[in-house]
Each structure stands twice: as C-alpha cells, then as structure tokens.
Amino acid sequence: MKTEKFDVTGMTCAACSAHVEKAVRGVKGVDAVSVNLLMNNMVASYDEPATASAICKAVEEAGYGASVTGAEKTARREDAFADHETPKLKKRLISSLCLLLPLMYVSMGHLMWGWPVPAGIAGNPWAIALYQLLLTGLVMVINQKFFISGFTGLWHRAPNMDTLVALGSAAAFVYSAAVMFRMGGAYGAGDAEMALHCLHDMYFESAAMILTLITVGKMLEAYSKGKTTNAVKSLMDLAPKTAHVIRDGEEATIPADEVREGDIFIVKPGESIPVDGEVIEGESAIDEAALTGESLPVDKGVGDTVSAATLNQNGALTCRATRVGNDTTLRQIIDMVENAVATKAPIAKIADRVSGVFVPVVITLALITGAVWLFAGAGIGKALSYAISVLVISCPCSLGLATPVAIMVGNGVGAGRGILFKNATALEQTGRVNFVVLDKTGTVTEGKPQVTDICPVQGKGEEELLRTAASLEKRSEHPLARAICEQAEQNGISLDEVTDFKALPGWGVEGMLEAGPAIGGKTALLEEKGLMTEEFLRLGEKMAEAGKTPLYFTLDGRLLGMIAVADVVKPDSAQAVAELKGMGIHVVMLTGDNHRTAEAIRTQVGIDAVVADVLPGDKEAVIRRLSESGKVAMVGDGINDAPALTRADVGIAIGAGADVALDAADIVLVKSKLTDVSAAVRLSRQVLKNIHENLFWAFFYNCIGIPVAAGVLVPLMGLSLNPMFAAAAMSLSSFCVVTNALRLNFFRVGNADRDRRGHEVPMPDWIDGFKGIKKKEKRKEKENMVKVLDVEGMMCAKCQAHVQKALEGIEGVTAVSVSLEDKQASVTMDNEVADEALCQAVAEAGYEVKGCRTA
C-alpha cells in the first residue's frame, strides 16, 4: 500500500472537494482518499493497479487539476500555507464596487427616481443601455472565475454554488442583451416609446449585483481559511534556528536542521532547546509551557529528557540529541495538526447541499417552461421571456446570502462580547455540541501561580514569614518564587538582603539573611535537614490534596511556617460549567496534571468528568475517541492543545493562550473568560435558527415565484411575471433575509435565562475510569486488563497512528497508547483478548510484534 500527497487546483467549495473525492475513489486500487479544501491538496492510499498518473487523470476528467506534491514543495511548507487568495478577491471586490456604483446610479437612480446624469446620455435610451452593457460586461470579466468554475461544474454534472451564481448572472445579462436588440429594432422603426420601454426591461444591474455580493462572501471565506493555516506556520516558527554543538572538542554554532542523532549540544540559560535530547550534564528548570501548556517549569537533571522548543530558564545544560528533524516532539505535534486538518470531514454548507438539486431543477423547469409556451403557440420571444423569468427569480442571491449575512451579523455580535468565530462551520457546529472538553491550565485556572495560603507556626506572624520567604526567593527565577515576591510587594513588605544564595534544583533555595541562615523549599528538603514537624507535614499533605504546592521556610534553624502556591481557578469557571450543563452539554476536563490536582479542580468547579495524566500527543486521541459519542468542542490555550483543537468538531482557544492555539481553533475567546464558551454556544444556536429562517424565506419566494414566473396564473387570472418583476421578487427575498439577520443585533448573548437543553447523549462508558479518583479495587481491576506489545517497524507518527488504529478496531479494546520512542503499544481491555488477536492486528497493519505481556 502506497500513500501519496497531491496538490489539487480548481476547488472552490465543499461540493468541489466531494466531487474530487468521488472521482478518485472511482479509480480501481484506491483504498482511501482525503481531500483537504483548506490546503488544496489530498492524500490518497492506493495499490496496484492504481498509479499516481491515473489518480491525476481522474481528477482532471472531473474538471480539476492535480499533481504529485514534489519534495521541493514539501521543503518549503511555509510558503505552501500562505494566503494568496484573499488579496486577489479583495482586488476583485474593490474593482467590482467601482463599476457597480455608477451602474446602479444610472439604472436605478436615474431611470426610477430621476437623478441627474450627463447631458450626453440623458434622454438617449440607447446610450444608457450601452453604458449599462459595458459596465456589466466589465464586472463579469473581473469575476470570470464564477463562470469558469460554475459552467465547468455543470459540464461535469457537478453543479456548485458558482453554478448558481453564473446561471443567475448570465441569465440576467443575456436577457438584457436580447432586449437591447429589440430596442435597436424599435429605433430602426422610429418607435421611440417602444425603445424607452425596452430600456426599463433591462436588468444588467442584477447581473453585476449578484457577482459583487457573492464576491464579498468568497473573500470572507478565503480570509478565514488563510488565518487557519497560520497554525502550522506558527508551530514551525517555534523551532530554534541554531544549535550549539560540540564538534572536535570545540563548541560550534550550526543550523538546528543539521543536528544529527547522537550529537552533543549545549543549551545556555534563556535559550530554547533545538532538538529532543537527554541531559548528560547540568541541572536547570525547563519552561515547557510552549509544548505542554502547563505554567510551572520542570526541574531537569542528568538522565532526564528535554524537548525541542522548550525554554531553559536558569542553568546551562549539556545534552545528547535523541530525536532530530521530523522525529522531534514539536515536529510530531506539527504533523498531527496537519493530519487533523486533512482528515477532518468537511461539513457541507446548507446552500451547497441544496444547490446540487436546486440548480438542475431550476434549469429543467426553465426549459420545460419555454417548451410548453412554444407548444401552446406563443412566439419564441415570449417563450424565452418566461424561461428567463424562471431563471431570474430563482437567482441564488437570497440563497447565497442566507448563511453569510447571518454569520456576519452573528460575528459582529460575538465580537462585541469578545467571541470571534472564524468560519460558518464554527457557528453551525458550536450550538450542536454534546461535549465541551476543557484544558485545565489557563482555561479553567488562571494560568499563573498565586499565593493562596500563608500559614505561620504558632508565635510567628504572617508578615515575618512572608518577608523571610520573599527575601530568600527574590534571587530565584522560579515562577513559584516570583509568586511569593509579588505577594510580598502587594502587601507592602520591605525585603532583607540575602548573601551566599544558592539554588537547589528540584529541592528549593538557601541563603544567609541578617537574622541567620534561611532555607525554603519542598517537604523533602526540610525532612533532610530535620526541620519538618508532624503538624506541618499533615498540613502540607492537605494542601497537596487541594491541588496546591506547599513551600516551607526556616530561619536560623527554626521552622517559620508554610506558604501554599497554586494556579487558582478563574472566578467564572464554576458559572461557565453550570451554564453548559444547563444546556444539556457534558463538561470534561483534559489535563496533563496528576489525578489529585485534577480531582481537586473538578470538585471545586463541578465538572462532570476528568481525564488526567494525558501526554501532549494523546490529547488529540482522546478527542477523536470522544467524537464517536457526539459532537465535541475543545477549549484550550497551549500549543499542545493545537492538534486536539483541530481534531474537535469545534476548537475554542482562550485569548491569553499561545498564538498557535488561537490559529488552530475555530473560535477565539479574546477576553479569556470561560463564560464566553457558554455564550458562544448560545449565540451559535440563535444564529443557526436565523440561518434556517433565512433559507425558508429564500425558498419560499422561489417556490411561490417560480410557478408565477412560469406563467401558471396566465390561464387562470391572466397574470404573468416578466423578468422585471421576477428581479423585484428576488430583491424582496434578499431584503427579507438581510432584515431577519439584523435581528441578531438585539440578541442578549450573556443571558442564560432562556437557555434550553439541546439534544443530549449519554456519557461514554470508557470515560468512567477518569471520573475523579476511583476505589483502589476498581483501579486494580483496570490495571489487570492492560497488555504491552513490543512493536518493530514503527518509524514515524503515521506508523504510530496505523498501529493505534489497528488495535482500536479489536472488540474488547477500550484504550490504546502507542509510544514511538519505546516501540511499545499499551492496550487496555474491558475483557480478555487473546495475544494472537492483538499480534495479528498489528501484523495486518504492516508491523511485527516481538513480544506481548500483561502489564
């Protein structure tokens, strides 16, 4: 089986990507295909007799272009994600508006309301008609892409939204051009009154208006797509450009891409780590927020692993490179973001879904209308007039505006609340979510440590404890130390001078104050010094159970007390969770923290379930599995959240988080308020309701207008609808759509009084094991159902995904965790699965099992 990537050109909407996918699936030998409209490419897995050229030929026969992505293109991935479409559409829109305004001034302002025009064309119907023809023709040339795409799709029996635009605009233009010929005949016959009547029968401005309005929607769509691809570019920018390596016994600075596995490299304080490696000398605190999203740094020493793009804070490290190039943790996260985008099923827009039926039906009705009137004895001109009226009244203007106008107004309402939707899919899906998954740090919590408790020993005051602690910690760069110093500054406490300061990585700090030697740090440090008391040991354990970090301080050999530091819960977290649960949505917290901290937060906020101890690469897998039970919205702020944000049906990024997460998400909460998540759901449901109303009105006018335009009332009432009234009906339909959408401006996004419970689904059984801390017996039962497989042949993240998918397909398997580094797969089962079944599944995926054992 061969997997290859192709560049695809000519796709403009979801109908196009679906047609390309259908064409490729029709090639014999193709096993799977995923078309990515966002990046204009596709990934196909195929075997003989299928070939790359056969796949490209199938795409070309479908009316699009395709070519194998070359190695040189892969090397310049950043340029591939650049937004080239928005600037083009912006130029088209500006040019169209510059022509449309003078066209509307004459065709509507002068002819209907008598606005003044130059003497050269005033009172000259032929000059006015020629003026409209030229301006409309220029607008059509500027927007020729609609016609190329629309009629190409029609030729290949795959009509899309561009087909509707092209037919509506072309029908109005052709009819108006035909009327011009009638005007010429009237002039030739000396009938000035007839010539003036013909002038009022022209609808060139309708053709130009359709093209201009749809271009607005296309530009907004392209802009949103362009911003979404910035996620991958931002991830790429995280990797350091250079590395300090030891070559021939000397330090040399080389490009990070040239670091090879086994190289020895040095990371100085304040520098980012260039590749994944193992510490062989030195100790330091590593800020892994860029990779894990967690705020507290991690102490590293000899034997510990470090990851690319993490920040070395306060000590020099010497490391040995273990994973370089495409194998680093950062690169795997980048690949996961790309794969999540590529494999995410596109949600068809409502207008695109109906266009496949609407367009052929309208064309058929127009042809039938013309034929019936010809058969009834009407002249060619009259029959053509009825046929064109059918096409004009079924103009896609209202149909095309139904969704984007509501979305634009909804976006404006959301922006006023600090809620930014990136695309129509986000608005459509947010109101339908069944699960909201919250990352802990920076989402449910503030994202920075704060002092929560100051507990001095009996006989000592809080001020003395805080002064000693802050005086000692002011020389430290650790975030916990900064939290203590900030608290002392807020309390207006003056600090003492410290000498002989020494940092003890992983333990604490020590130094000499005027009153004597001082020590500050964790429980283990004071126990080693013999200064810990039983009372404060129990107090520290109590703080730890509440998810806080206890720090103890001594002065001159005497314990002063304990200061607890924690990443406190945001003030609105509990309210946000309550509002989401009130709308029938399950709330799950996903975090890399331990179960003790996660359980403390869950209890405090009222969250339904927690999934703790999750590695960065596993967050995306949890979201993917949860998606099998319903629609999922993921809320996060760290780079490690980017794959999960992209994999979720709706990705929601907190505004204070990393920029990558913001770009990968569908919704950005600018104000970083968690209550804006429930507000986004509330707004989405209202916008979706508005869109359905708009589509109803759009179709209502078409369903009423098309029969009238076809002349069905002529035999009954003698009432006919010429193209002029057909165009008026179309305009009325658009007016109703826009007016209805403007009602959204009065919607109170933050008001939860009228919330209703949406479609509810049960919480999946597999997540029960993560609902807080379970009894030891149940945990033991779960642990006894785990088997570990040693797998050979895995080379990259895709191999890892293949093995995981193969094992997840076995009946009885509830969870799979595959480690590319350890070449192992951990399989959790709710009942016994034979070793042979596990080994066979891996073998069928193309890999070899060297061993299988019970964990």
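**Reading the model**

Tutor: Tyr203 is buried, with a relative accessible area of 6%; buried means under 20% relative accessible area, exposed over 50%, and partly exposed in between (1.4 Å probe, protein chains only). This is a predicted model, in which local features need pLDDT of at least 70, side-chain atom pairs count only at pLDDT 80 or more, and totals for chains, interfaces and linings use all residues. Residues are numbered from 1 along each chain as its sequence is written, and side-chain values use heavy atoms, with hydrogens and water left out.

Student: Where is Tyr203 found?

Tutor: Helices (H or I, at least four residues) and strands (E, at least two) are DSSP runs, numbered from the N terminus. Tyr203 belongs to the loop between α9 (192–200) and α10. Its C-alpha lies 8.9 Å from that of Gln132, although Tyr203 and Gln132 are 71 residues apart in sequence.

Student: How many aromatic pairs does a search of the whole structure find?

Tutor: Rings of Phe, Tyr and Trp (its six-membered ring) pair if their centres lie within 6.5 Å; planes under 30 degrees apart count as stacked, over 60 as edge-to-face and the rest as tilted. The search finds three such pairs. In one of them, the ring centres of Phe147 and Phe151 are 6.3 Å apart and the planes are at 20 degrees, so the pair is stacked. Both residues lie in helix α7 (residues 144–155), four residues apart, about one turn of the helix. An α-helix has 3.6 residues a turn, so residues three or four places apart point the same way. Phe147 counts as buried at 14% relative accessibility, whereas Phe151, at 34%, counts as partly exposed.

Student: How are the rings of Phe173 and Phe204 arranged?

Tutor: Their centres are 5.5 Å apart and their planes at 65 degrees, so this pair is edge-to-face. Phe173 lies in helix α8 (residues 161–188) and Phe204 in helix α10 (residues 204–228), so the pair ties together parts that are 31 residues apart in sequence. Both Phe173 and Phe204 are buried.

Student: Which charged residue sits over the ring of Phe146?

Tutor: A charge sits over a ring if NZ of Lys or CZ of Arg is within 6 Å of the ring centre and within 35 degrees of the ring normal. Here the charged end of Arg92 is 5.1 Å from the centre of the Phe146 ring.

Student: Is Lys619 buried or exposed?

Tutor: Lys619, in helix α25 (residues 616–626), counts as buried at 1% relative accessibility. A polar contact is a pair of N or O atoms within 3.5 Å; within protein, one must be able to donate a hydrogen and the other to accept it, and residues adjacent in sequence count only if both atoms are side-chain atoms. The side chains of Lys619 and Asp439 are joined by such a contact of 3.0 Å.

Student: What is the order of the strands in the open sheet?

Tutor: Strands of a sheet pair through backbone hydrogen bonds, either parallel or antiparallel. Two strands pair if DSSP finds at least two bridges between them. The open sheet of six strands has the order β16-β21-β20-β19-β18-β17, with antiparallel pairing. Its edge strands, β16 (450–456) and β17 (499–504), each pair on one side only. Strand β16 runs antiparallel to β21 (residues 558–566), and six bridges join them. Within β21, Gly561 stands opposite Pro456.
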